[in-house]
Amino acid sequence: MTTGRPWLSQQDAAAYLGVTDRTIRNYIARGLLPAHRIRGSRSIRIARADLEALLRPIPAGGGPDAA
């Protein structure tokens with residue numbers, strides 16, 4: 001996987017997040033992850049920025065925000 005590509009395939013997106021291809025499909029189906037189909041093809045592309053938007057930092061410490 002090339003690190004500079006702004007658009008990733010479904011398989012590359014799964015590898016980027018460290019999850020399965022099925023998880024990526026579920027995120028797309030549930031509306032958690034925007035994806036785009038290439039016209040005239042079954043290929044799906046996902047923006048790297050949308051993958052990064054799924055990630056959230058874990059708060060330090062054991063305060064009320066820690067989940």
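This is a predicted model: local features need pLDDT of at least 70, side-chain atom pairs count only at pLDDT 80 or more; totals for chains, interfaces and linings use all residues.
Residues are numbered from 1 along each chain as its sequence is written, and side-chain values use heavy atoms, without hydrogens and water.

Trainee: What pLDDT does the chain average?

Mentor: Of the residues, 85% score at least 70. The chain average is 89.

Trainee: Is Q10 buried or exposed?

Mentor: Q10 lies in helix α1; helices are DSSP runs (H or I, at least four residues), and strands are runs of E (at least two), numbered from the N terminus. Buried means under 20% relative accessible area, exposed over 50%, and partly exposed in between, with a 1.4 Å probe and protein chains only. Because its relative accessibility is 10%, Q10 counts as buried.

Trainee: How are α1 and α2 oriented to each other?

Mentor: The two helices pack at an angle of about 105°, with axes 8 Å apart. Axes are lines fitted to C-alpha atoms, for helices over the stretch in contact, and angles run from 0 to 180 degrees between N-to-C directions. Angles under 35 degrees count as roughly parallel, over 145 as roughly antiparallel, 65 to 115 as roughly perpendicular and the rest as oblique. Therefore, α1 and α2 are roughly perpendicular.

Trainee: Which residues of α2 make the contact?

Mentor: Contact means heavy atoms within 4.5 Å. From α1 come Q10, Q11, A13, A14 and L17. From α2 come D21, I24 and R25.

Technical notes. pLDDT is the predictor's confidence in each residue, from 0 to 100.
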